[in-house]
Amino acid sequence: MSSNKKYWKSVEELENGSIVEALRNNEFVEEIPTDEFLANADSMSSSSTSRRDFLKYVGFSTAAATLAACEGPVHKSIPYVLQPEQIIPGVADYYATSVFDGFDFANLLVKTREGRPIKIENNTIVGAKFAANARIHASILSLYDSMRLKSPKIESKDSSWSVVDSKIKSSIADAKAKGGQVVLLTNTLASPSTEKLIADFIAANPNAKHVVYDAVSSSAALDAFESVYGERALVDYDFSKASLIVSVGADFLGDWQGGGYDTGYVQGRIPRNGKMSRHFQLEANMTLSGAAADKRLPMTVANQKQALVHIYNVVTGSAVAVNLAPELKAEVTKAAQQLKAAGSKGLLVSGIQDKNAQLLVLAINQVLASEAFTTVGVREIRKGSDEKVAQLVNDMKAGSVHTLIMSGVNPVYTLADSASFVEGLKKVKTSVALSLKEDETALASTIAAPVAHYLESWGDLVLTKGTYSLTQPTIRPLFDTKQFQDVLMSVNGLTGTYYDYLKAYSSSFIAGSTWNKVLHDGVFVGAPQALSGGTADYASAANALSKSKAAEGLELVLYTKTGLGDGQQANNPWLQEFPDPITRVSWDNYVTVSNADAKTLGLSNEIVANGGLNGSYATITTADGTKLENVPVIVQPGQAVGTVGLAVGYGRKAALKEEMQVGVNAYALYKGFKDVQSVTLVEAGGEHEFACVQGQKTLMGRGDIIKETSLEIFNTKDAKIWNETPKVSLDHKEVEATSVDLWESFDRSVGHHFNLSIDLNACTGCGACVIACHAENNVPVVGKAEVRRSRDMHWLRIDRYYSSEETFVGDNERKEGIAGLSSSLSTFNEMEIASDNPQVSFQPVMCQHCNHAPCETVCPVAATSHGRQGQNHMAYNRCVGTRYCANNCPYKVRRFNWFLYNKNSEFDYHMNDDLGRMVLNPDVNVRSRGVMEKCSFCIQSTQAVILEAKRQGREVAKDEFNNACACSAACSSGAMVFGDVNDKESEVAKLAESERMYHLLEHVGTKPNVFYHVKVRNT
Amino acid sequence: MKKVGNHNSNSRKMFLSLAMMLAFSFSSFAQDAAPAAPTEAAPAAATTGGDPVKGKALFNSNCAACHKLDAKSTGPALRGVADKHEKEWLYKWIHNSSDMIKSGDPAAVKLFNENNKSVMTSFPQLSNEDIDNIIAYTSEPKAEPAAALPGAQAGADAAQGSGSNNNVILGVLALVLVVLVVMLFMVNNVLRKVAKANGIEVAPKAQRTPIWKAFVKNQFLVLVSCVFLLLASGYFVYGYLMQVGVDQDYQPIQPIHYSHKIHAGDNEINCKYCHSAARVSKTAGIPSLNVCMNCHKNISEVAETTATPEYSKAFYDAQIQKLYDAVGWDKTTQSYTGKTQPVKWVRIHNLPDFVYFNHSQHVTVGGIECQTCHGPVETYEIQKQFAPLTMGWCVDCHRKTDVKMEGNGYYKKIHEELSKKYGVEKLTEAQMGGLECGKCHY
């Protein structure tokens, strides 16, 4: 008898048979809307093309395409009609030039190929003291920015220069007749010829005036210096002469007062004869200077002011009342006493935006008679006056400004009260924005006139008093542009070109030299005199400063990021993708919050399942009610409790490709040009997806990755103690890892053997090498989403590690102390969290070019192989993309092209437009999809150096190879040195013999050709 | 890309049939082989009493840089100059023209002004007798250029003629074959009839297994044939694939018919005069047009003797005119118009992007002759790719070639050490590391 049992597969089937029945007959419960994507069903069914035919067509067209693909394309080759004498196709030309864009400045050599500039290098001639930072290295790409303003526009309609010129002239005449103001609003120019043109203009038009506006103000320091020395300038400190540096909120390795101090600073940081400088850093945000410091004291800016007064007390013996917590006071006292003891070898710098504070800086350094503090050759790179800008906005609102000519500024974006400016702009009869881009200000002005990029311009610069640099064009203007100076000459009624004017005007600056010589060298150094020292009422300044009140709520400290700076180059994909050296986050700005504050405010960061970093959103509200909503949060170790940091330069929209429109505009909070604002922070809900390239924050006590020691141990103990060679077990005996080898080694005694030395003491994390590597090696930009998926293509990364204890040495000891499994689990968990005031170390990591490379042995097609000169070669055309090599690389330096990054609209960065591709280095292959790539030790340049020597029939000169690698050539601090270790005279050979030398992951036995130097801290 | 290297079966058939045609039409071609000798101008009546042969030599070595016989160059055309000026005047002018201009000789000043005020070099070394010889040469009547043109025309005619001849021959041949077949059939028929008449039975052939059936039955044979077929097709497919992208003998038509044979061959111009970048750069460089004008300012037409049956003088002159149009040179006023038009040459040697090749490394450092890689360019009327430019070809040479180290300071130390290591005096490029991937691929 058959059973009545009902068998069922699910509860639904048991209880509600209809659904199951429906599912049994129909795979999908709802009918699939085929009609929607097949458009018209009738026409489809009546079509004469059957499925068979369709397949035939597909087959035929595939076959036809395949056959056609076997035919190569016809290439045209078009030579010059009249070849310029100095241009030989295939040979690079270099031009010395100098740049100052109102924020960054440097003395440069520009490499050009077939008449187009492709790379920025440092001018190393005597007198050229300012090396390029990451932004200047990237500025070559901004030349080829496809979003540049290409022709003049009047009221957003295309126009021509002749119309614009006549309009400007008639407007000025009209203003003169009606008695309205004519205002030239410019960035700091530092250009004597331009200033002369402006002075002439004002002389001819008494109703005209010149207002200098720095988007990121140094007004306080300028005011203080002006009141003491009578000149609106900044001190050009010589950090190499200081053995004790106390910095109160000055990020001098970053952009403080223009930056460019790393070269001098690093000279004192390398232990020589048992000595190195000592550096105290008192700061709120974690900065590059704080990372490099021997002793870092995180504190609010209010406390910094008190600390500065306290240091003033100690150094000068005054007794101004100071309101400072006892434990902080004790630490500051230590620093102050050491500063006093150092005397003329001491140096105090401060970034507090307060005239009184800056007066105290002058007072303290005067009392110390600091050698590093000199008024010879002061910096002329900041002149802006906050008061005059504020006055201008008021004048504009009052309607007394008739004509406003702006050059190099974008006040609609950079002014905190940009609404007032826009309102005032509407009352200005004629407003002219001379700009590279059709930016926010250009859009709001009557006339938007395109200016030439500095690589297309003539110019002169007095960066520091007594020096004279020339800017020369390296390419013809790409668009219908004019220089600001040409416009000035036209309104001044001068005929001829600015070049002739400049040449004639330069003669008074280059006495004893010639125009051609200065043009060739790029710089001319005169004999600058010290400014006659004055004094001021320092005591009352100290009194006033000590009475300054602490902010209500949280202190917001605005800063500029290493990548974008003041935001001029926001459309530069290299800079957007450049990971911030401290947070390692690219494509964003964010508010940095201390761990303690984050806990109380309910803000957090976490690494989610796909490996990306997420963070809370917060809303920032200033004291006067201005709100900045949905600002992503980064919990920043080392951030002073009670402070939060936020970078300006982001949140731009105008003239930016869509992908670059990232971040929030922090200028909106830059009220009254004060970089410290009192704010409240509220969690805003939601999660922000960051593109962070380094999830691991701490070193976890792995002291063999970054070896760090104190100066005391370094001086007193044997190198075996502080630079221990790792041990491995061989035949049950502990032996040094370097003595064990699985492979037979090549004979590398003959010819060149390239090595790269990286001194962790000298690396400040500035990132110039990263951008230089991008430019030299055609490294693609992949965008935020891909970076988040850990698919960034940087050949060279700068790892940043925090200590989880107070010091890295403490980390190591804690790890040594682990006993047993449970202890190891809990301890390692705890060690993943960085200390609240951690030590920070940077470590540039690129392909280590292992002599026994693990990647080479696993490549199934031998696409990566070893060269006799020590380089690990990568033959892209041979690579089939198995990625075994990347998996087997212990340093994780291989980068895979997951997509085609050039000529692909999915990756709309510079390689997707004809203009942006002009920056590509023709000597280096542009890689395609599915290919592995990595650092090559710039083999194209090492080969070029060798060829040059062969052609001239000589040996390669000493240290000639150092400039071959883009990273070592860009390194202004000398942290990276590249060369031939077989040349015993070379610097790198000597560095290889140093006691501080070690290899990364030495116990793996890869025998790398990159070596590091143990970091020594003078604690 | 036009591929000449790929000889497929079709082209082979064509070639064979062409060979046959040629064989038959040999006689018609023979007449073209006779050189179309340029008719030498008959010695003109020596009105000036000089020797025109000597004069020609003197003219070519002293005057030709600036003067032509029949056209204006830097200086005026010189044919019949003796009719324009007195002999004594000419002696004075040639010995020192600037003196005459200074002294205000009206004819001299006029001449000076007519020629853009360019001062003529003085030739004090020429004796009056020499000048007489030159004048004799310049007084010769213009040679008739008619001889060359009909020659070229005849060549063209002959080429056309041979085509039609071939057709006739083929037709006749086909006719003969048809006649033969018909005759064979008829003979066979007649023989059958004779046999029938004689009562001889032609036994029908015994039914034999057709050969294909036998073949199919023999499985071993089938297997062997299959294997053979597979191997053969594999061989050909491999051969086909290996020539994809190899453009040996690629010979595109260029916008200007530039003959390396005339320049590098007949006139022995050094390769590196025009391709000067090869000495210092990775590319050899296509010369810019101003380099062409170094010579072609004065050479606006080719000599009669340059013309070949294939390319007439008019053809070559038209090519020079193309250069003038491109560079903007006005022949009549001897000046640049400023209107330029770059020449879009078709690139012949295309290395893929992933290969780095540097000319200066090979030319300057290695001292390799251009011909090693580019073939006997001085014989090429139309430039083509001589080498396959495959990696195997590069590597082969690197294995065989000794590095030229003598006298190069760079190699001094390396040579000592390496020769000790390998125990040889000469080192090949491969021993120097010239086979490493990264030396050419980055």
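Guide: Two strands pair if DSSP finds at least two bridges between them, while helices (H or I, at least four residues) and strands (E, at least two) are DSSP runs, numbered from the N terminus. The model before you is predicted: local features need pLDDT of at least 70, side-chain atom pairs count only at pLDDT 80 or more, and totals for chains, interfaces and linings use all residues. Residues are numbered from 1 along each chain as its sequence is written, and chains are lettered from A and ligands numbered from 1 in the order in which they are written.

Visitor: In what order do the four strands of the open sheet in chain A lie?
Guide: Strands of a sheet pair through backbone hydrogen bonds, either parallel or antiparallel. In this open sheet the pairing is parallel, and the edge strands, which pair on one side only, are β11 (295–298) and β12 (346–350) of chain A. Read across, the order is β11-β10-β9-β12.

Visitor: By how many degrees are neighbouring strands of this sheet turned against each other on average?
Guide: Axes are lines fitted to C-alpha atoms, for helices over the stretch in contact, and angles run from 0 to 180 degrees between N-to-C directions. For this average, however, direction is ignored, and the value is 10 degrees.

Visitor: Which residue of β11(A) is the bridge partner of A:Q281?
Guide: Strand β10 (residues 278–283) of chain A pairs with β11(A) in the parallel sense, over four bridges. Within β11(A), the bridge partner of A:Q281 is A:R296.

Visitor: What angle does α12(A) make with β9(A)?
Guide: Helix α12 of chain A packs on the sheet, where it touches β9 (244–248), β10 and β12 of chain A; contact here requires C-beta atoms, placed from the backbone, to lie within 7 Å. The direction of α12(A) makes an angle with that of β9(A) of about 140 degrees.

Visitor: How many of the residues of α12(A) are buried?
Guide: A residue is buried if 20 or more other C-beta atoms lie within 10 Å of its own, exposed if 12 or fewer, and partly exposed in between, with C-beta atoms placed from the backbone. The helix is followed by A:G317, whose phi is positive, near 75 degrees. Helix α12(A) itself is mostly covered, the buried residues being 13 of its 16.

Visitor: Which residues touch the most other members of the largest nonpolar core?
Guide: A nonpolar core is a set of buried Ala, Val, Leu, Ile, Met, Phe, Trp, Tyr and Cys residues joined through C-beta atoms within 7 Å. The largest has 283 residues, and apart from it lies another core, of 12 residues, which includes B:L58 and B:Y137. In the largest core, the residues that touch the most other members are A:I311, A:L360 and A:A666.

Visitor: Is A:C766 buried or exposed?
Guide: This residue, A:C766, sits in the loop between β31 (754–759) and α27 (768–777) of chain A. Leaving aside neighbours within four places in sequence, A:C766 is in contact with residues including A:N133, A:L253 and A:T562. With 25 other C-beta atoms within 10 Å, A:C766 is buried.

Visitor: Which residues is A:Y670 in contact with, leaving aside its neighbours within four places in sequence?
Guide: The place of A:Y670 is in the loop between β25 (643–648) and β26 (676–689) of chain A. There A:Y670 is buried, with 22 other C-beta atoms within 10 Å. Its contacts, with those neighbours left aside, are A:A416, A:L558 and A:V648.

Visitor: Which element gives the most to the side of chain B that touches chain A?
Guide: The contact brings together 47 residues of chain B and 41 residues of chain A. Elements giving two or more residues to the chain B side include α14 (289–296), α15 (313–327) and α19 (411–422) of chain B. The most, five residues, comes from α19(B).

Visitor: Which residue of β3(B) does A:K76 stand opposite?
Guide: Strand β1 (residues 76–77) of chain A and β3(B) pair in the antiparallel sense, over two bridges. In that pairing, A:K76 stands opposite B:V346.

Visitor: Which residue takes a positive phi in the hairpin of β29(A) and β30(A)?
Guide: Strands β29 (residues 727–730) and β30 (residues 733–736) of chain A run antiparallel and are joined by four bridges, with A:V728 opposite A:V735. Two residues lie between the strands, and the residue that takes a positive phi, near 50 degrees, is A:D731.

Terms used: Contact = placed C-beta atoms within 7 Å.
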